[in-house]
Amino acid sequence: MKTDLERLILSGSSTRREFLAHSAKLTAAISLGGLPGMRGDRGYRMASYPFTLGIASGDPLPDGFVLWTRLAPEPLEGGGMPPERVAVQWEVARDENFRVIVRNGSTVATPELAHAVHVDVRGLEPGRPYWYRFMAGNEVSPVGRVFTAPPANSSLQQLRFAYASCQNYQNGFYTAWAHLADEDIQLVLHLGDYIYESGIAENAVRPHNSPAVETLEAYRNRYALYKTDPNLQRAHTLFPFVVTWDDHEVMNNYAGDYARGWAIGALLARRAAAYQAYYEHMPLREPALPHGADLQLYRRIRYGDLITFNVLDTRQYRSPQPCNDGWRSDAACPQAHDPSQTMLGPEQWQWLEDGLTSSRTRWNVLAHGVPIAPTGRPGDDGLEQSMDKWAGYAAERDRLLRLLHDAPVRNAISIVGDVHQNWLSEMRTQFYTDDAPIVGVEFVGTSITSGGDGVDRRPETSEPWIAANPHVLFNNSQRGYVRCTVTPERWVTDYRVVEYVSRPGAPIKTRASFAVQDGVPGVTPV
């Protein structure tokens, strides 16, 4: 039986008003308990094990974090839960054996949210690990570990974290997640393309479970497929995640309310379905509950006086790509420099500007979906750049780079995914100008699997790209993730790669490491 939201999405409604009206009713029903009868006390027996999608934590604060799970005994067939509310208990302990339980409670898994739950735990001690678990009826989830952030104004001496993106299930095995789970880190950032919306590929290593997804039910089943992977589940179990999206959570290269070949009403309906499923499967707080085709995702995560993560949304508010979304030169696409072209939208831009100019942390991070620094390639009428990246929004990009210079913003670092390769670039007030000031460093992470096995690009194969882009210092095209160690004096980035993903078991290695010194523009090899 379809919910009101599913019927609304499938109708292809062209107005935001209907989406907002339904979301308001849904939120009120969840908050006020105005939903059908509830099961789930400890005497209730689940028909089968409900925690097939694992558990997760996210968005750590000094006194708490978000806990997530979804009840789904039949994960690839809509979840398999009855269309009623189910009580879910949760516990947080100081030890993994739960001898000292410090917080516990009960929440409600509703059919309107696919029986997903999001628990905002507060009142804990800063800067320490905790363990957590869920109970539904007679079933108990695995035990997860999570770390609170340090006090906001504390002097933090080190943070170790990792980030990843682009995990096309069809392109290979999540071996990189298995290795990341063994790292000595406290935080993971996922920078987009958590799922891919495409249909079943002809030569898939692990085929998708349906044709291309467009409806809420299909998006839910696609997330379920990805989250059944044991390596991804283990990483979620061990570390809090901070997540943002890129395009494939909805569809390839969509831009705000625009996608090539789609009427706005149909796109908004698809976006509403995708955003709903995203919220249902991510460890996000209740304020991120989507209102139809809108979801508030940009936010800040701070770790003492050491580092601020400005987590950006570079899809929902952007203008359509100029000259479509391909590769164009300045001569072929002067519209890329139109001041009205926006990547962030006015409200997010103001939020970012206010945060950067008022920051008092040693390191200031932009965590987002697409690269700022261009990686142009020679074309018939000049150097061509991808219009889907910040190069297609050059006026706003240059405004951001000028802000980093003029504020000035201390130790600006951009971490990003999207392009299925590792890149390292100096961010300058003007690219392709040798004497332009360096205002930050951009570390582009490669994909977990997207693109397949990849290739180890040695200097001789990277030279054409680097010669055409003097701000680019490193490039490689293997799969993996990025590990960072940050202290008050130095930031060290390790590009961690595996040699193949087309079969399981690849070993992990550090392909290259680079350091940024506090207050010193640019990078040095480690």
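Analyst: Accessible areas come from the Shrake-Rupley method with a 1.4 Å probe; for residues, only the protein chains shown count as cover. By that method the protein chain exposes about 19,300 Å², and carbon and sulfur atoms supply 50% of it. This is a predicted model: local features need pLDDT of at least 70, side-chain atom pairs count only at pLDDT 80 or more, and totals for chains, interfaces and linings use all residues. Residues are numbered from 1 along each chain as its sequence is written, and side-chain values use heavy atoms, with hydrogens and water left out.

User: How many helices and strands are in the protein chain?

Analyst: There are nine helices and 26 strands. Both are DSSP runs, numbered from the N terminus: helices are H or I with at least four residues, strands are E with at least two.

User: What makes β15, β18 and β17 a sheet?

Analyst: Pairing does. Two strands pair if DSSP finds at least two bridges between them. β17 and β18 (residues 382-386) have three bridges, in the antiparallel sense, so they meet that definition. The open sheet runs in the order β15-β18-β17, with antiparallel pairing. Its edge strands are β15 (327-328) and β17 (377-379), each pairing on one side only. Arg377 stands opposite Glu384 in β18.

User: Why is Thr244 called buried?

Analyst: Buried means under 20% relative accessible area, exposed over 50%, and partly exposed in between (1.4 Å probe, protein chains only). Thr244 has 1%, so Thr244 is buried. Thr244 sits in the loop between β12 (240-243) and α6 (264-281). Across the protein chain, buried residues make up 61% of the 526 residues.

User: Which residues does Thr244 touch, beyond those up to four places away in sequence?

Analyst: Contact means heavy atoms within 4.5 Å. Among the residues touched by Thr244 are His190, Glu249, Tyr278, Leu312 and His368. A polar atom of the Thr244 side chain lies 2.7 Å from the backbone oxygen of Leu312. In the protein chain, 71% of the contacts with a separation of 6 or more join residues 24 or more positions apart.

User: How do you know that Cys323 and Cys333 form a disulfide?

Analyst: A disulfide is a pair of cysteine sulfur atoms within 2.5 Å. The sulfur atoms of Cys323 and Cys333 are 2.0 Å apart, and they form a disulfide. Cys323 is in the loop between β14 (307-311) and β15, Cys333 in the loop between β15 and α7 (346-358), ten residues apart. A search of the whole structure finds one disulfide.

User: Why is the disulfide of Cys323 and Cys333 right-handed?

Analyst: The torsion about its S-S bond is about 100°, so the disulfide is right-handed.

User: Is Cys323 buried or partly exposed?

Analyst: Cys323 has 21% relative accessibility, so Cys323 counts as partly exposed. Cys333, at 1%, is buried.

Key
A polar contact is a pair of N or O atoms within 3.5 Å; within protein, one must be able to donate a hydrogen and the other to accept it, and residues adjacent in sequence count only if both atoms are side-chain atoms.
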